[in-house]
Amino acid sequence: MGETGSARHRSQITGNAGLNFAAWQLSRRGWHVMPTIRNARGSDLIVTDADETRFFGVQSKALSKRYAVPLGANLADLRSDWWIITLHANSDAPVCFVLRLDDVRDLASQDKNGGKWWLEPKAYDQDEFREAWHRLEGV
């Protein structure tokens with residue numbers, strides 16, 4: 001496998017690890033979680049309560065290190081109600097940050113000259129978001 005393929009493979013493994021860790025964290029808190037089709041637009045996880053009266057989508061972003069999260073060219077295109085950013089997704093001790101879509105949009109920063117949008121580590125790596133699973137209780 002070439003260098004590019006190897007890097008892509010590592011990125012896919014990190015993404016899968018973070019997605020599954022987020023799903024596990026939600027499941028152990030009583031939510032029913034279903035992954036969507038990989039690389040489809042929109043949410044990575046569809047989440048519902050036991051009565052199927054509350055539904056929400058989750059965008060999962062998994063990182064091996066404390067990197068910025070890419071958000072694309074237009075913040076209006078972001079869809080998922082909730083975002084779970086998992087740091088150290090491949091380690092024995094991942095850390096999750098739980099943000100609302102409004103948090104992501106409010107904290108995003110743009111490249112110079114109107115380029116792509118990013119969520120910098122200092123924006124998401126805050127105590128109010130770190131392991132803040134309680135934020136989902138009122139959903």
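First, the ground rules. The model is predicted, so local features need pLDDT of at least 70, side-chain atom pairs count only at pLDDT 80 or more, and totals for chains, interfaces and linings use all residues. Residues are numbered from 1 along each chain as its sequence is written, and side-chain values use heavy atoms, leaving out hydrogens and water.

Start with the open sheet of 5 strands. The order is β1-β2-β3-β5-β6, with mixed pairing. Strands here are DSSP runs of E, at least two residues, numbered from the N terminus. Two strands pair if DSSP finds at least two bridges between them. At the edges sit β1 (32-35) and β6 (95-100), each pairing on one side only.

Look at β1. It runs antiparallel to β2 (residues 45-48), and 4 bridges join the two. M34 has I46 in β2 as its bridge partner.

What does M34 form with I46 and F55? A nonpolar patch on the surface, with about 310 Å² of accessible area together. Nonpolar side chains are joined within 5 Å, like charges within 9 Å. Areas come from the Shrake-Rupley method with a 1.4 Å probe. M34 is exposed, at 53% relative accessible area; exposed means over 50%.

Now the other sheet. It is open and antiparallel, in the order β4-β8-β7. β4 (69-72) and β7 (109-110) each have a single partner strand, so one side of each lacks a neighbour in the sheet. 3 bridges join β4 to β8 (residues 117-119). V69 has L119 in β8 as its bridge partner.

How values were computed: Patches are made of residues with over 30% relative accessible area and no salt bridge: like charges are joined within 9 Å, nonpolar side chains (Val, Leu, Ile, Met, Phe, Trp, Tyr) within 5 Å. A salt bridge is a side-chain nitrogen of Lys or Arg within 4 Å of a carboxyl oxygen of Asp or Glu. Buried means under 20% relative accessible area, exposed over 50%, partly exposed in between (1.4 Å probe, protein chains only).
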